[in-house]
Amino acid sequence: MDHALRLARRGLGNTWPNPSVGCVLVRDGRVVGRGWTQPGGRPHAERMALAQAGTAARGATAYVTLEPCAHHGRTPPCAEALAASGVTRVVSALTDPDPRVAGRGHAILREAGIEVTEGVRADEAGALQRGFLCRVTQARPMVTLKLATSLDGRIATASGESQWITGARARRHVHLLRMQHDAVMVGGGTARADLPSLNVRGFGAVRQPVRVVVSSRDLPAMPAEDADHGPLWQLSGPLPDLLRDLGARGLTRVFCEGGGVLAAGLIAADLVDELVIYQAGLMMGAAARPAVAALPDMALAALPRFGISRTQRLGADLCQIWTRRR
């Protein structure tokens with residue numbers, strides 16, 4: 001299952017509106033097939049692994065990070081494909097909450113006489129699938145808010161200078177995270193002031209994320225969609241409605257890069273699922289621009305709380321990842 005989870009991670013940012021799933025087929029202690037969801041969501045991980053295994057799938061155990069699908073879409077259900085392949089056991093990490101599946105995939109397998117074990121590495125799989133689960137259960141994508149700040153929480157000098165607070169390794173890490181999300185989102189003020197590219201650079205040919213700009217005003221000219229730039233969507237309105245719109249369009253993971261007003265709005269509405277904070281070793285002072293604009297006056301107990309999940313050093317900078325406590 002650990003191997004399957006690593007495979008599933010390869011598809012993050014590439015498979016929306018489908019989840020990124022990993023599948024490993026093992027027979028007699030040897031991996032005979034493996035796969036992960038392909039760009040655009042098809043083929044599914046199970047079909048990739050079965051195609052690689054061929055007849056060696058008969059008698060094998062399938063390790064899958066999410067319950068095999070049970071509904072007919074562009075292809076027949078993966079649960080039926082596993083049953084037809086002759087596998088004798090399926091180990092899954094999570095039950096798929098999609099109403100079209102929701103236990104039916106496991107039921108198809110059991111009805112075919114296949115042993116099914118559920119809940120293996122469920123916490124790890126849940127963290128990996130947070131975007132898909134959020135869209136299915138809350139009708140919106142997971143939101144990751146990224147902030148690159150000084151030690152005193154500032155993102156630009158009083159005059160607006162911000163390039164660069166953090167170093168090259170931290171900025172490369174940002175591109176890795178962009179690649180693992182379906183969309184990169186900024187506010188209109190950031191778009192007008194910085195003219196950001198909002199694309200992935202330095203990782204070869206990749207499926208570029210959707211560029212989302214939250215603004216009701218006209219925007220400056222931005223690059224058209226091409227091999228180096230994803231689609232450009234300009235949206236406005238209350239943030240909960242805006243995110244539901246993005247969920248309805250199929251997005252599962254959104255990477256928000258500011259600015260401070262948009263960050264404050266997302267935090268105040270309790271719409272941030274994960275914080276990624278890059279911190280550089282400098283002080284900018286009270287006159288510099290804060291990472292988060294003013295929040296509504298809220299009781300301390302009512303403010304969203306986050307728990308630290310990972311810390312790593314990136315050159316001279318520190319990266320901290322915090323997850324929303326529910």
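Gly 13 sits in the loop that joins helix 1 (2–9) to strand 1 (22–27). Helices (H or I, at least four residues) and strands (E, at least two) are DSSP runs, numbered from the N terminus. The model is predicted: local features need pLDDT of at least 70, side-chain atom pairs count only at pLDDT 80 or more, and totals for chains, interfaces and linings use all residues. Residues are numbered from 1 along each chain as its sequence is written, and side-chain values use heavy atoms, with hydrogens and water left out.

Gly 13 counts as buried because its relative accessibility is 4%. Here buried means under 20% relative accessible area, exposed means over 50%, and partly exposed lies in between (1.4 Å probe, protein chains only). Leaving aside residues up to four places away in sequence, Gly 13 touches Met 179, Gln 180, His 181, Asp 182 and Arg 207; a contact means heavy atoms within 4.5 Å. Leu 251 is 238 residues from Gly 13 in sequence, and the two are 9.3 Å apart in space, C-alpha to C-alpha.

**Strand pairing**

Strand 1 pairs with strand 3 (residues 61–64) in the antiparallel sense, over four bridges. Two strands pair if DSSP finds at least two bridges between them. Val 26 has Thr 61 of strand 3 as its bridge partner. Strand 3 also pairs with strand 4 (residues 89–92), in the parallel sense and over four bridges. In that pairing, Ala 62 has Val 90 of strand 4 as its bridge partner. Between strand 3 and strand 4 the chain passes through helix 3 (residues 78–85), and this β-α-β crossover is right-handed. That term applies if, with the strands pointing away from the viewer, the path from the first strand over the helix to the second runs clockwise.

**Salt bridges**

Side chains of opposite charge can pair when their charged atoms come close. A salt bridge is a side-chain nitrogen of Lys or Arg within 4 Å of a carboxyl oxygen of Asp or Glu. By this rule there are 13 salt bridges, including those in the table.

| Salt bridge | Distance, N to O |
|---|---|
| Asp 28 and Arg 27 | 4.0 Å |
| Arg 121 and Glu 124 | 4.0 Å |
| Arg 324 and Asp 270 | 2.7 Å |

Asp 28 is exposed because its relative accessibility is 76%, while Arg 27, with a relative accessible area of 28%, is partly exposed.

Arg 121 is partly exposed at 37% relative accessibility, and Glu 124 is partly exposed at 42%. Asp 2, Arg 121 and Glu 124 are linked in a network of salt bridges.

Which residue does Arg 324 meet in a salt bridge? The partner of Arg 324 is Asp 270. This pair links distant parts of the chain, 54 residues apart: Arg 324 is in strand 15 (residues 317–324), and Asp 270 is in the loop between helix 10 (260–268) and strand 12 (274–279). Arg 324 counts as buried because its relative accessibility is 17%. Asp 270 is partly exposed, with a relative accessible area of 28%.

**Helix 6**

In helix 6 (residues 130–138), the residues Gly 131, Phe 132, Leu 133 and Cys 134 are buried. What do the buried residues of helix 6 pack against? They pack against helix 5 (122–128), strand 6 (142–149) and strand 11 (253–256).
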